[in-house]
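Subject: Structure for your review

Dear colleague,

Please find below the structure that I am handing over to you. My notes on what was found in it follow directly after.

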Amino acid sequence: MHQHHSPIADKPITCDIFCSVVDNYGDIGVSWRLAQQLAHEQGLYVRLWVDDLPSFRRLCPEAGQLAVQHIRGVDVRLWPDDFPDVQPAQLVIEMFACALPQRYLLAMASVSTAAKAPGEDAQSREPVWIALEHLSAEYWVADYHGLPSPHPVLSLIRYFFFPGFTPKTGGLLLERDLIARRDSFQSDPQAVDLFWQSLDIPPRQPDEMRLSLFCYEPPALPGLLAAWAAGAQPVLCLVPEGRALPQIAAFFSTAEIAAGQIFQRGNLQVRVLAFLPQESYDQLLWACDCNFVRGEDSFVRAQWAARPFVWHIYPQQDDVHLQKLHAFIMLYSQYMASAAAQSVRALWLGWNAAGGAGSAVTSNSAAAWKAFREQQPELEQHARIWARQLAENNLAWNLLDFYREKLIK
């Protein structure tokens, strides 16, 4: 396991994280987790610059509307169009190609020029600028991880940093105590019962399957809901507020749908949950038998939950996302028994397929789900082993190691 560095004794390292919110909660979700981890576990002074405070407040309910606020050890700043004059941090993290403000870039360049002058102290060293990229399992990621990209005009170097699933990448975000908290929760029936009570959800029925459903608008969803309703096993499907609600409403022939509502058809019960803060959402993933997740942040949290899961990747133009989906499926299923690997592949590809009503996507849902369910014991065992392997490669620690390496050079 990677060794944790203690923070530098005198002055903490300063860090600016820039986040532009594009897809509702994924970008800010990852940025907020990273900011907290660097502040709490590494003792950095972190400013998180975010251009969409309402989205941030959904994830962190105690946040207010102020342009400057201190929350959980992090300075959260509104990133305005007219960016202020600020002293650049020693470590600058640009999340997901969001493009730093021009005024900030110029300030970085002036520090960089001063740092190259003889006799300067360490505080005025040039900032280490890291472009944290989107997560991908594609093979080329390892080759590009850590590569420098000199700015075309200014005296600055940006380094590409790729999160990933193998030791040759930057790893994944994982709080130091998360695995221990997950294990303690999952092995304590009383803790699980209390969690369900906190959401006003009754105790499990015998033989009931509990699922969480967080997705975009997959054409396969109506077919899957129908399969659950017609199946022999009681299914409780928990749906946090989000983009799937119109499809759920259509399936149950209702015009109104909101948090707190309960729908029943056959053996399927759907409960709509209010949007959950990150900590509660983690517990939901830990408590369910299977989790449908989307994008990047909930996708990673589902892997830490060590439960079977189904990923809805963010759809991109020209189906670029399908290459990423195939790359992850290959990596994730490479050591599974073949029937389990096939069941994951069939369900995930169907879940991510485009198609209209009445297409093969909808009619294949029931068969794909049945095959996946039959592999539940194998999938559960694999999920635990996978999470254990991933935990060896910690993104926040790797970022700080990379920063220190660049300082020495």
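Glu217 and Arg243 meet through their side chains in a salt bridge, with 3.2 Å from N to O. Glu217 belongs to the loop between strand E9 (209-213) and helix H7 (221-230), and Arg243 to the loop between strand E10 (235-240) and helix H8 (245-251), so the pair ties together parts that are 26 residues apart in sequence. Glu217 counts as partly exposed because its relative accessibility is 43%. Arg243 is likewise partly exposed, at a relative accessible area of 29%. Please bear in mind that the model is predicted.

Other salt bridges

The structure holds 19 salt bridges. One of them joins Glu62 to Arg72, whose closest N and O atoms are 2.7 Å apart. This pair links distant parts of the chain, ten residues apart: Glu62 sits in the loop between helix H2 (53-59) and E3, and Arg72 in the loop between E3 and E4. Glu62 has 47% relative accessibility and therefore counts as partly exposed; Arg72, with a relative accessible area of 26%, is also partly exposed.

A further salt bridge brings together the side chains of Glu208 and Arg210, at 2.5 Å from N to O. Are these two residues buried or exposed? Both Glu208 and Arg210 are buried.

The six-stranded sheet

E9 and E10, which flank the loops of the Glu217 and Arg243 pair, are also members of an open sheet of six strands. The order is E11-E12-E10-E9-E13-E14, and the pairing is mixed. At the edges stand strand E11 (262-265) and strand E14 (309-312); each has a single partner strand, so one side of each is left without a neighbour in the sheet. From one strand to the next, the twist averages 15°.

E9 and E10 run parallel and are joined by four bridges. Met209 has Val235 in E10 as its bridge partner. Helix H9 (residues 278-287) lies across E9, E10, strand E12 (268-273) and strand E13 (290-294), and runs at about 135° to E13.

The eight-stranded sheet

A second open sheet, also with mixed pairing, is formed by eight strands in the order E3-E4-E2-E1-E5-E6-E8-E7. Its edge strands, strand E3 (68-71) and strand E7 (148-150), each pair on one side only. The twist here averages 25° from one strand to the next. Within this sheet, strand E2 (residues 45-50) and strand E4 (residues 74-78) run parallel and are joined by four bridges. Val50 is partnered in E4 by Leu78.

Helix H15

How far apart are the end C-alpha atoms of helix H15 (residues 395-408)? They are 20 Å apart, which agrees with the 20 Å that its 14 residues should span at 1.5 Å a residue. Asn394 caps the N-terminal end of H15, with a side-chain oxygen 3.2 Å from the backbone nitrogen of Ala396.

Ten of the 14 residues of H15 are buried, so the helix is largely enclosed by the rest of the structure. Among them are Leu395, Trp397, Leu399, Phe402 and Tyr403, together with the charged residues Arg404 and Lys406.

With kind regards

How values were computed: Residues are numbered from 1 along each chain as its sequence is written. This is a predicted model: local features need pLDDT of at least 70, side-chain atom pairs count only at pLDDT 80 or more; totals for chains, interfaces and linings use all residues. Side-chain values use heavy atoms; hydrogens and water are left out. Helices (H or I, at least four residues) and strands (E, at least two) are DSSP runs, numbered from the N terminus. The expected span of a helix is 1.5 Å times one less than its number of residues. Buried means under 20% relative accessible area, exposed over 50%, partly exposed in between (1.4 Å probe, protein chains only). A polar contact is a pair of N or O atoms within 3.5 Å; within protein, one must be able to donate a hydrogen and the other to accept it, and residues adjacent in sequence count only if both atoms are side-chain atoms. Two strands pair if DSSP finds at least two bridges between them. Axes are lines fitted to C-alpha atoms, for helices over the stretch in contact, and angles run from 0 to 180 degrees between N-to-C directions. A salt bridge is a side-chain nitrogen of Lys or Arg within 4 Å of a carboxyl oxygen of Asp or Glu. Contact means heavy atoms within 4.5 Å.
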